[in-house]
Amino acid sequence: MEKILITGALGQLGQEFINYFSNKGVFVLATDVKDPPKDLPCLFEFADVLNKNRVDLLVKKHKINTIYHLVAILSANGEKNPYNSWKINMESFQNIIEISINNKIQKVFWPSSIAVFGTESNLDLVSQNPSMNPETIYGVSKLAGEKLASYYFGKFGLDIRSLRYPGIISTKTLPGGGTTDYVIEMLNSAKNKSDYTCFLNKKTRLPMMYIDDAVNAAIMLMSAERKNLSISTSYNVTGFSVTPAELENKIKSRGFNIKVKYEPDFRQEIANSWPKEVDDSISHKDWGWSCDFGFERTLNKVLN
Ligand code: AKB
């Protein structure tokens, strides 16, 4: 029986994983460094993953056998304090790796990101293994994390599985400090009847994914037989690609009277180094991935 630890559990993905597993009756221990909502449907412990001993004790106490390690400082916030971002993104992952090996954890899920690519990749359509030169500290740490995952699988047999997530669109749980966050901000402004100032220019095309697909992709990858996985770093996945102008027009065509201004800031440079489209054919082949939510279906979910 799976006994799951989720770190960074109160973030955008974590809360969705908690709901998913709790609905299925799976034991979940959620940890984070902030207070949980009163109605959290699982056990919660306050724990900073930089405190290795504390997490190790929790893993032993609750006989954890699977870890979803979701702690991360995202791309835009990362640029504000690169030293701290590296520490939080990488030291926490190193701790989870060590704890996992010492406690014979069966599987670890760790999200990577489209931030691992860079302007040396063919950004019009990034393949699984192009040349990569990430241009944010977030991307640098995600690429380093992918290499660690592959190293510890090869040398220690630790089964770490990973996805390169695009921007994730959810409305119940919000992201924080990312470059793709504009989508959710614009959608929420439309619903709240307020104007929106977009921090990217209107033609910036980026890959996105609806939250249900993001959760489903992780579950599918975690359930796949390891022998079918040809990638030990991180798999490309995507839902659809969109520009701010296309999103604005679609929102308006659905009857929302939103006024959008475009005032690109430092996040534009980050977006310029990210892919427009992602080729996820190896995920289709290795573990049967395909997304359920395109642009229209995502909007049906979010705007209705
Ligand atoms: C971000 O914008 O930083 C994240 C990501 C694509 O990894 N949403």
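Which helix holds both Asp-56 and Lys-60, and how many residues apart are they? Both lie in helix H2 (residues 52–61), four residues apart, about one turn of the helix; helices (H or I, at least four residues) and strands (E, at least two) are DSSP runs numbered from the N terminus. This is a predicted model, in which local features need pLDDT of at least 70 and side-chain atom pairs count only at pLDDT 80 or more, while totals for chains, interfaces and linings use all residues. Residues are numbered from 1 along each chain as its sequence is written, and side-chain values use heavy atoms, with hydrogens and water left out.

**Domains**
- The protein chain splits into domain 1 (3–166 + 209–236) and domain 2 (167–208 + 239–276 + 293–303), with bounds from an automatic or database domain assignment.
- Taken over C-alpha atoms, the domain centres are 24 Å apart.

**Where the domains meet**
- On each side the contact (heavy atoms within 4.5 Å) involves 28 residues: 28 of domain 1 with 28 of domain 2.
- Together the two domains bury about 2400 Å², with 63% of it on carbon and sulfur atoms; buried area is the accessible area (1.4 Å probe) that two parts lose on being put together, summed over both.
- Gln-12, Met-209 and Tyr-210 supply 29% of the area that domain 1 buries against domain 2, more than any other three residues.
- Across this interface, 13 residue pairs are in polar contact, both residues at pLDDT 80 or more; such a contact is a pair of N or O atoms within 3.5 Å, and within protein one must be able to donate a hydrogen and the other to accept it, with residues adjacent in sequence counting only if both atoms are side-chain atoms.
- Helix H1 (12–23), helix H3 (75–80), strand S11 (206–210) and helix H7 (211–223) each give two or more residues to the domain 1 side, and H3 has the largest share, five residues.

**Salt bridges**
- The structure holds 17 salt bridges, each a side-chain nitrogen of Lys or Arg within 4 Å of a carboxyl oxygen of Asp or Glu.
- One salt bridge is counted between domain 1 and domain 2.
- Lys-276 and Asp-124 pair through their side chains at 3.8 Å, N to O.

**Around the ligand**
- Residues around the ligand (a heavy atom within 4 Å) include Leu-74, Ile-114, Tyr-165 and Trp-274.
- Ser-113 has a side-chain N or O atom 2.7 Å from a ligand oxygen atom, and a polar side-chain atom of Tyr-138 also lies 2.7 Å from an oxygen atom of the ligand.
- For Thr-180, a side-chain N or O atom is 2.9 Å from a nitrogen atom of the ligand.
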